[in-house]
Amino acid sequence: MPREAEPSNNERVFILEALRGNIRLDGRPLDAFRDIKLAFGDEDGVADVELGKTRVLARISASVTAPFPDRKFDGIFTVITELSPMASPAFEVGRQTETETLLSRLLEVALRRSSALSTESLCLLAGQKVWSLTATCHILSHDGNLLDACNIAVLAALQHYRIPDVTVKGEEVIIHSIQERNPVPLALLHHPLCVTMALFEGGEKVVVDATITEQQCCEGEVVVTANKYGEVVQIAKLGGVAADALVLLQCIDVALEKVKELDTVISRALEKDARERDVGGLLAELRAENER
């Protein structure tokens, strides 16, 4: 099975010595993210995120299906990650790696189990028809911190997506086209964001948004998922060296600050995209036409 190219002993010693002096190879502070570039596609629900050299494309799709028997009033929301050899030689087509499994589970907890999306709003006809929403993450380039990049991409795509409007008459469900009615935004209850931190020096030193080389040299990782209101969704300790309780509290404090910054980046990108799409106030005119 192919493996990621590991740093040499000299590179490892150099990186660790630099971190002891609070210096990173790219010049960032220990608690800083790399530059984040967020762009949206021509279609609704397509988000392209670049976190340094890590790049992820998220796409939202929807279809009508039957609900689960034990959840007749809830729609279905699924997160899928696709890692290909294009992103890294360590990934193989058709073979699920440990990285992909871990990534899928953490995203599921962060976005689905935290009830970020109201699944009740996806119900069309109780017990018969619901929306099935799928968020697919395509990993285009891997240079560390895939989880945070995927999380930003999926959350931005969910906020950008517009689902077709529907009319229910008895047991008949009519799905309106874009020409008939404007699609409607999804009902997002909150915006959970992941912040991944690498641990060094026996768990005493915390580094935010580690590159692939820093991840290979670290002694463990901690993931904190929270929203901008300070509500913590999950804390995951991904193996490695034991972390003291005070270190975990420090990680939470750092994550709560970083979540606010990430949420601001997404909001500004959405506002910019809305302005570019709303040429001459066309969207407002169409809304007024629908209301009439």
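This is a predicted model: local features need pLDDT of at least 70, side-chain atom pairs count only at pLDDT 80 or more; totals for chains, interfaces and linings use all residues.
Start by selecting strands β11 (residues 193–200) and β13 (residues 220–226): the two run antiparallel and are paired over seven bridges. Strands here are DSSP E runs of at least two residues, helices are H or I runs of at least four, and both are numbered from the N terminus. Two strands count as paired when DSSP finds at least two bridges between them.

Residues are numbered from 1 along each chain as its sequence is written, and side-chain values use heavy atoms, with hydrogens and water left out.

Now widen the selection to the whole sheet. Four strands make up an open, antiparallel sheet, ordered β12-β11-β13-β14. The edges are β12 (205–208) and β14 (232–240); each has a single partner strand, so one side of each has no neighbour in the sheet. From one strand to the next, the twist averages 25°.

A contact means heavy atoms within 4.5 Å.

Now jump to N145, in the loop between β6 (129–141) and α3 (146–160). Buried or exposed? N145 is buried, at 2% relative accessible area (buried is under 20%, exposed over 50%, partly exposed in between, with a 1.4 Å probe and protein chains only). Show side chains and you'll find N145 in a polar contact of 2.7 Å with D209 and in another, of 3.1 Å, with D148. Such a contact is a pair of N or O atoms within 3.5 Å; within protein, one must be able to donate a hydrogen and the other to accept it, and residues adjacent in sequence count only if both atoms are side-chain atoms. Leaving aside residues up to four places away in sequence, N145 touches F33, R34, L51, T196, D209, A210 and Q215.

Finally, zoom out. The protein has six helices and 14 strands, and its C-alpha trace spans about 70 × 45 × 40 Å along the principal axes. Of its 292 residues, 44% count as buried.

Note on methods. Axes are lines fitted to C-alpha atoms, for helices over the stretch in contact, and angles run from 0 to 180 degrees between N-to-C directions.
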